[in-house]
Amino acid sequence: MAYQLYRNTTLGNSLQESLDELIQGSLNTYRFCDNVWTFVLNDVEFREVTDLVKVDKVKIVACDGKSSFLPHSSTTE
């Protein structure tokens, strides 16, 4: 699975640390279906330098930006 390739790299570790600092909450459910990750978190805090936003529930949906299912555009004249 290609999404695991970056996880133990400097980039992957930096991304994880940044997400840990910006988003805090308890994971309610998650699933991976058809190359789409869906996460539902409860009691979430989003942090920025001076702002803090609290929400009861948030849903995060993430998918691969390079899907083989998307048609390729061609520029033939």
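These are my notebook entries on a predicted model of one protein chain.

**Overall layout.** I started with the secondary structure. The protein chain has one helix and three strands, and read from the N terminus they come in the order α-β-β-β.

**The sheet.** Next I checked how the strands go together. The three make an open, antiparallel sheet, ordered β1-β2-β3. From one strand to the next I get an average twist of 10°. As a reminder to myself, strands in a sheet pair through backbone hydrogen bonds, in a parallel or an antiparallel way.

**β1 with β2.** I looked up this pair by bridges. Strand β2 covers residues 36-47, and nine bridges tie it to β1 in the antiparallel sense. For a landmark across the pair I noted Leu27, which sits opposite Leu41 in β2.

**β2 with β3.** The landmark I wrote down is Val40, with Lys59 of β3 opposite.

**Where the helix goes.** Which strands does helix α1 lie across? I found α1 (residues 10-22) across β1 and β2, at about 125° to β1. Then I turned to β3, which is hardly covered: of its 12 residues, the buried count is one.

**Burial and surface.** Buried residues make up 9% of the 77 in the protein chain. The exposed surface comes to about 7000 Å², with carbon and sulfur atoms supplying 53% of it. I also looked at contacts between residues at least 6 apart in sequence: 18% of those join residues at least 24 apart.

**Cysteines.** How many disulfides are there, counting cysteine sulfur pairs within 2.5 Å? My count is zero. Cys33 has 44% relative accessibility, so I list Cys33 as partly exposed. Cys63 has a relative accessible area of 58%; the cut-off for exposed is over 50%, so Cys63 goes down as exposed.

**Picture to keep.** I'm filing this as an open antiparallel sheet in the order β1-β2-β3, with α1 lying across β1 and β2 and β3 hardly covered.

Notes. Residues numbered from 1 in each chain as written. Predicted model: local features only at pLDDT ≥ 70, side-chain atom pairs only at ≥ 80, totals over all residues. Heavy atoms only, no water. Helix = DSSP H or I, 4+ residues; strand = E, 2+ residues; numbered from the N terminus. Buried < 20%, exposed > 50% of the residue type's maximum accessible area, 1.4 Å probe, protein only. Contact = heavy atoms within 4.5 Å. Areas by Shrake-Rupley, 256 points an atom, 1.4 Å probe, with all protein chains shown as cover. Pairing = 2+ DSSP bridges. Axes fitted to C-alpha atoms, helices over the stretch in contact; angles between N-to-C directions. Disulfide = S-S within 2.5 Å.
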